[in-house]
There are 6 protein chains.
Amino acid sequence: MRIVVTNCNTTQRMTEEIVLGARAAASPGTAVTGLTPAWGPESAEGWLDSHLSAAAVIDALRTYEGPVYDAVVLAGFGEHGREGVRELVDVPVVDITEAAAHLACLLGRRYGVVTTLERSRGQIEDSLETAGVARNCAAVAGTGLGVLDLADGERTRAAFRAAAERVRAAGAEVLVLGCAGMTGLRRSVESVGEELGLPVVDGVAAAVRLAESLVALGLTTSRAGSYAVPLPKRRVWGRP
Amino acid sequence: MRIVVTNCNTTQRMTEEIVLGARAAASPGTAVTGLTPAWGPESAEGWLDSHLSAAAVIDALRTYEGPVYDAVVLAGFGEHGREGVRELVDVPVVDITEAAAHLACLLGRRYGVVTTLERSRGQIEDSLETAGVARNCAAVAGTGLGVLDLADGERTRAAFRAAAERVRAAGAEVLVLGCAGMTGLRRSVESVGEELGLPVVDGVAAAVRLAESLVALGLTTSRAGSYAVPLPKRRVWGRP
Amino acid sequence: MRIVVTNCNTTQRMTEEIVLGARAAASPGTAVTGLTPAWGPESAEGWLDSHLSAAAVIDALRTYEGPVYDAVVLAGFGEHGREGVRELVDVPVVDITEAAAHLACLLGRRYGVVTTLERSRGQIEDSLETAGVARNCAAVAGTGLGVLDLADGERTRAAFRAAAERVRAAGAEVLVLGCAGMTGLRRSVESVGEELGLPVVDGVAAAVRLAESLVALGLTTSRAGSYAVPLPKRRVWGRP
Amino acid sequence: MRIVVTNCNTTQRMTEEIVLGARAAASPGTAVTGLTPAWGPESAEGWLDSHLSAAAVIDALRTYEGPVYDAVVLAGFGEHGREGVRELVDVPVVDITEAAAHLACLLGRRYGVVTTLERSRGQIEDSLETAGVARNCAAVAGTGLGVLDLADGERTRAAFRAAAERVRAAGAEVLVLGCAGMTGLRRSVESVGEELGLPVVDGVAAAVRLAESLVALGLTTSRAGSYAVPLPKRRVWGRP
Amino acid sequence: MRIVVTNCNTTQRMTEEIVLGARAAASPGTAVTGLTPAWGPESAEGWLDSHLSAAAVIDALRTYEGPVYDAVVLAGFGEHGREGVRELVDVPVVDITEAAAHLACLLGRRYGVVTTLERSRGQIEDSLETAGVARNCAAVAGTGLGVLDLADGERTRAAFRAAAERVRAAGAEVLVLGCAGMTGLRRSVESVGEELGLPVVDGVAAAVRLAESLVALGLTTSRAGSYAVPLPKRRVWGRP
Amino acid sequence: MRIVVTNCNTTQRMTEEIVLGARAAASPGTAVTGLTPAWGPESAEGWLDSHLSAAAVIDALRTYEGPVYDAVVLAGFGEHGREGVRELVDVPVVDITEAAAHLACLLGRRYGVVTTLERSRGQIEDSLETAGVARNCAAVAGTGLGVLDLADGERTRAAFRAAAERVRAAGAEVLVLGCAGMTGLRRSVESVGEELGLPVVDGVAAAVRLAESLVALGLTTSRAGSYAVPLPKRRVWGRP
């Protein structure tokens, strides 16, 4: 089985980190192909970036010429595009935002999301709401760190700990890593989870396993209604 | 006062219709500038089109070089992009989806949306939900007509009537025209509204008046939180 | 165009302040007529006052003998009566509570209301809920000041600042002035908004502009269902 | 124990019917005093009537000079005024709308309300919502009969049966009589309930028993917050 | 009239306390029979205990051989079993969780629950939600005391006071005693309510009065739908 | 990896069917152990059965003496017990009700559940609600067939088709098999799904894959809050 994992931004290094995380989570027989959009923002932090990213990710999949794949994982936490990709491809599509929430719901009565910038809170809340899994979300909290700052392990860890304590105080019994870029930091943040006695769900890992599950069960996106095949028409993908 | 009205697709003829509708609704002192994205879908019908459209509309505004404007009206019913545009520009931004709903709430206890294709229902419901005005929406119903079919007045009218009866049966006391392309048909559909005894709200007209209201009251988008100015970074707008 | 603006209490001085605010917000061609109920409470602070006020305001409009008008603005924040007035008159009716919320939703992802007494919170929450715009209300906070205390600018400003900080902490990105009597204080409280970096929406101003918009677009209350014309019957308006 | 039962309209005959229903439901030691407002509408059918009725009922209680009472029952289904009365008196206040819903929740997973005119649906839905008991309401359906038509037993029964079938189809397992005037018809409508296999809850009976329960347990309205004692001020109750 | 009050655990002493509370709340003509399950947990503190308790309570009622009864009160706050008992018996069934909430809704705009262990919060929230009365619940707070610790009056009182202050800060205007074992402490906790100016509702007392009300009005559980009579089949009640 | 799959009833033949379904869905390296409660109902159809079943399933796991296992799958659709089992065991616990909903949310915007008897609707709705995945459930519909009737393939297929059409009309884009006993019928009902153009999710298969995913990712139930280890105390499991 092959899963294409799309980064939501153009930073190749981040795609690599995400692929590492995806591979670590995947079953033995699963191949992971990373896909970096040819255009878009270098990191997605806010609505404008998210809208730009959604079109670029769809374009990347539309023009993808690699080996045949069985599922798509969208590795942008809280980013747009999930529904459009479901229209585009014939294989299951799993977004890391919803994926993390689905697994978190199985582990505790309420979960909390720890993300990068506070400004992303709204996007994440809306994404969870429309995916149908916001009901058990106790809180979304920002660490105040930008996506590209996440390389600095110590500062990230402290900020993650502070935000994690806030969502726990709001009732969260499970932590969700609200950023694909955090995947590489999994080990250090898991130690925060251990300190607080809370499981930590990484969206990339969750999405890979959910995508595998759908493929294994022969399930794919319904074409009845919302996610029908796009109508044939003239579309221009970027400034001509 | 000048309002830029953005079409969500690349069809110039539709921009012109929208501009006509906007001008008919605007106050005497208001100039309306139509803006057609340089790229994107020729019509927006589904999530994929909507994601593509959002990026193209933002790009059109980002690279706009016309006269200074005081507000933006986004004339794509149920389409993405509203939040990204709010980050981008310093003037008020009104989306026709939310605008129609806001005025409809003032006219009856429940409103219903009549749109083109049934597949757009999900997008519209999500757009109303996140805009905070879904509570009094009784139903969203499709006419089964594509955006570009709307030129055919008689067929549109019959389909609109059937869909209008469905939302009325679901409790709607006010009708919302769920498509910017319907603006040119305002007169004929208003006659359906009259037959059924229901006011008909056109999103373009509503948005123009709401935009004027915000400008007149000196109000603009809050920068505290969700709609902060986009962070400076490298962004590529379309296939390089 | 003429708009009748009804005060919810019998204090003539407050009607005058409201009319000043309404005139400042109105378009050049709009005449504003203030209407003070002939009976009712001298200020509306609580449910009992609100119920009394609703009947008195309806009676004032029922027996109004002034120049013909095109719309009604109900200038009692959180007060009852809106639906009954919609049944009574044939022109659009806009309540300042819902009006402020409608515009606030266009300016930020969540708004907060700052009102006079803490005891009014429940009424305001219920009024926003049934108007269909509570979803994006982050919090309603009281300043602890009675309606008639609002003349004291300095004390009001400090109390307003404290309450504004509370709603901002709860997620509000926009402030709503939760009291018609605050209209006269617009300038001083706007400075608090500026300090906090939050737009401030005044319900009277918002309602005047929304009423103008509905009139300009030829829209009025739906008679289908909830707001049908009152049945003819014997009614006695006050102790015989 | 003495309970004052207020009619929401000025029709003395209806007060008498309500009092009969209340007495039939009351415990042996409970005295029931009917109270007809000295002003207001002759029947309450719509928002305007409801707002007028609320003020008149509060005035009736404010000026009541009969024997001391232990609780108030407000016998207007879906009518306003409940919260204002809670501020006014020091004894428990039970509105028949909420009372019927509270008991109905104990008898089945969903209940449905059958009321007089379809136009009352909105008021009833709002009343249940703000009382906190709308969650398990499957539907509110009108019989198409006015309050004063209810004397005609046969027509009422047929209309009640049709509306009852509609709420049952919507999931109701329990019927609520959505009108105080229906009390006198209890026996005939109970036969419809029997035919359909659904318990029938009458709001007047429910409210009397709930009021008795609160009194017996020494409970009364909380003064902390919403229902604080009205502030002393000048109030005029009706056209001077 | 006879009411059977079931303890949710096997501790006979607690059944006795509950029966005392029930008798103190009952009308003169009502006989109260306490029922202690023959098996189950010695106290119910958590989901596992609750599931075990539900089966044991149903079994106790199934095999009950005492005098005929008219209603059942289930005296386990937040415990499972309510719906199964409704299927089993032909008389009204009132659970103390929902009962307390129903009466609390009549006394203030929001209520708060004070319970024993923080871990019970989830069960109570779910129980209120499915009973249809969670809407006006401001908060559920734990005292940190186990059910069997409640004998120690002074420590209980202090912990109750702290938790009560927390729910009041969250908006509660009424307190609900979230534990059947608290019944015996009614007097001391009522003094906390008095200090804070908040009415205190005891679930056992509330349920007894509601059960009496249903019986007096000739109402019992609907058999249409959810609570139909259990199908005849082989069932084994405990390890053979 | 070993997964214990518990049947919710005592019918050994049904356990075998469930185990076949689980094995068909499991990864190559996963062993499946079926567990039939030693007591409880022979089929679970209603709340009473569900409460009895919950205790019996917990007891079966409590006294289980087979090979060590890595996860538990609870194969009773809409049945109680999930939370109690989470307290009891140290490995991940996945209930087939929530599992099916989680995967269904990834395949379409709304899903619908087709179950056996109409009376189970309430349990299923409540189970989805408290699991946090009810938001995107369009409808739950019964086939009118009892659990033990499901052996009759042709009748089941026709009834399944009728119920599937009802949930599709309510907006479902994905079907969920609302019964563990349906697993053996997977192939025939999948043909109904194909006819209607809707994916069909089987809860047992979904739960097995989700359980595998949690184990593979090293995730297990949070002990912080709701699902803490049961307190040590005296518990009696069934009539002594």
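Me: In chain F, which residue of S2(F) does Ile3(F) stand opposite?
Reply: Ile3(F) faces Val32(F) in that strand. This is a predicted model, by the way.

Me: How do the two strands run, parallel or antiparallel?
Reply: Parallel: S1(F), residues 2-7, and S2(F), residues 31-35, are joined by five bridges.

Me: What do they make together with helix H1 of chain F?
Reply: A β-α-β unit, and a right-handed one. The helix, H1(F), covers residues 12-25.

Me: Why quote an area at all?
Reply: Interface size is often stated as the accessible area that is lost when the parts come together.

Me: How many salt bridges are there between F and B?
Reply: The rule finds three across the interface of chain F and chain B. One is between Arg110(F) and Glu125(B), where the closest N and O atoms are 4.0 Å apart. Another salt bridge joins Asp126(B) to Arg109(F), with 2.7 Å between the closest N and O atoms.

Me: Where do Asp126(B) and Arg109(F) sit?
Reply: Asp126(B) is in helix H5 of chain B. Arg109(F) is in the loop of chain F between helix H4 (96-105) and strand S6 (111-115).

Me: And polar contacts, how many residue pairs across F and B?
Reply: Three residue pairs, with both residues at pLDDT 80 or more.

Me: OK, chain B and chain A now. How many residues are in contact?
Reply: 47 residues of chain B and 47 residues of chain A. The area buried between these chains is about 4,000 Å², and carbon and sulfur atoms give 56% of it.

Me: Which three residues of chain B supply more of that area than any other three?
Reply: Leu48(B), Arg119(B) and Arg239(B), which supply 19% of the area chain B buries against chain A.

Me: How many salt bridges does this interface have?
Reply: The rule finds 10 between chain B and chain A. One of the salt bridges here links the side chains of Asp49(A) and Arg235(B), at 2.5 Å from N to O. Over all chains, a search of the whole structure finds 131.

Me: Polar contacts between B and A, how many?
Reply: 31 residue pairs, both at pLDDT 80 or more. Several elements give two or more residues to the chain B side, among them strand S3 (40-41), helix H3 (82-88) and helix H5 (121-131) of chain B. The largest share, nine residues, comes from H2(B).

Me: What is that side made of, by class?
Reply: The side of chain B that touches chain A has 20 nonpolar, 13 polar and 14 charged residues.

Me: Last one. Which strand of chain A pairs with S3(B)?
Reply: Strand S10 of chain A, residues 235-236, in the antiparallel sense over two bridges. Within that pairing, Arg235(A) has Pro41(B) as its bridge partner in S3(B).

Technical notes. Residues numbered from 1 in each chain as written. Chains lettered and ligands numbered in written order. Predicted model: local features only at pLDDT ≥ 70, side-chain atom pairs only at ≥ 80, totals over all residues. Heavy atoms only, no water. Pairing = 2+ DSSP bridges. Helix = DSSP H or I, 4+ residues; strand = E, 2+ residues; numbered from the N terminus. Right-handed = clockwise from strand over helix to strand, strands pointing away. Polar contact = N/O pair within 3.5 Å; in protein donor to acceptor, adjacent residues only side chain to side chain. Contact = heavy atoms within 4.5 Å. Buried area = accessible area lost by both parts, 1.4 Å probe. Nonpolar A, V, L, I, M, F, W, Y, C, P; charged D, E, K, R; others polar.
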